[in-house]
Amino acid sequence: FREWRLPANAAIVKQAAPIATGPGLCVLLSGVVDVIHCQRGETQGEKVCTYDRRGQCFGEIELFFDSPLGQGYGRKSHWATTATRTPATLWTISRSSLRAFVPGASAQGTVNRSPSSDASTAATMGLQ
């Protein structure tokens, strides 16, 4: 892990940017981070999630699967912008470092998945 200190209003990842451009798995140490999604054709984004408690993690689904959960296989860009609302400190681990520890990760950077593992992941995350 590396420590990353960010000022308020700093973009961590931008919507539509290639997934590989993100910082990797992020663990919030301090501060407030918002996830903002802008629908196609809209100019104003909507806040869909806030991380404000020490230890909360984000970025893991896109790292493992090259696809946000529920968006289908093969998605290659970020679904939303993730940005700091206040100054924030994160611990990050890069995509390549994290993948070195994931059983079944292929050279293309995807994990072998089955529909039952997707359902299990969604249930664990409270998405079902």
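In which strand does T89 lie? Select T89 to begin: this residue lies in strand 8, where strands (E, at least two residues) and helices (H or I, at least four) are DSSP runs numbered from the N terminus. The model is predicted, so local features need pLDDT of at least 70 and side-chain atom pairs count only at pLDDT 80 or more, whereas totals for chains, interfaces and linings use all residues. Residues are numbered from 1 along each chain as its sequence is written, and side-chain values use heavy atoms, with hydrogens and water left out.

T89 is buried, at a relative accessible area of 10%; buried means under 20%, exposed over 50% and partly exposed in between (1.4 Å probe, protein chains only). Display the residues in contact with T89 (heavy atoms within 4.5 Å). Leaving aside residues up to four places away in sequence, T89 touches E3, W4, R5, V27, L28, L29 and S30.

Select L28 next. In soluble globular proteins, nonpolar side chains tend to be buried together.

**Salt bridges**

The whole structure holds two salt bridges, defined by a side-chain nitrogen of Lys or Arg within 4 Å of a carboxyl oxygen of Asp or Glu. Select D34 and R85, whose closest N and O atoms are 2.9 Å apart. D34 is in strand 4 (residues 33-37) and R85 in the loop between strand 7 (81-84) and strand 8 (88-93), so the pair links parts of the chain 51 residues apart. D34 is buried at 9%, while R85 is partly exposed at 40%.

Move to R5 and E3, whose side chains form a salt bridge at 3.0 Å, N to O. R5 is exposed at 62%; E3 is partly exposed at 43%.

**An aromatic pair**

Finally, select F1 and W91. Rings of Phe, Tyr and Trp (its six-membered ring) pair if their centres lie within 6.5 Å; planes under 30 degrees apart count as stacked, over 60 as edge-to-face and the rest as tilted. The count comes to two aromatic pairs. The ring centres of F1 and W91 are 6.1 Å apart with planes at 40°, so this pair is tilted. F1 precedes strand 1 (2-6), and W91 is in strand 8, 90 residues away.
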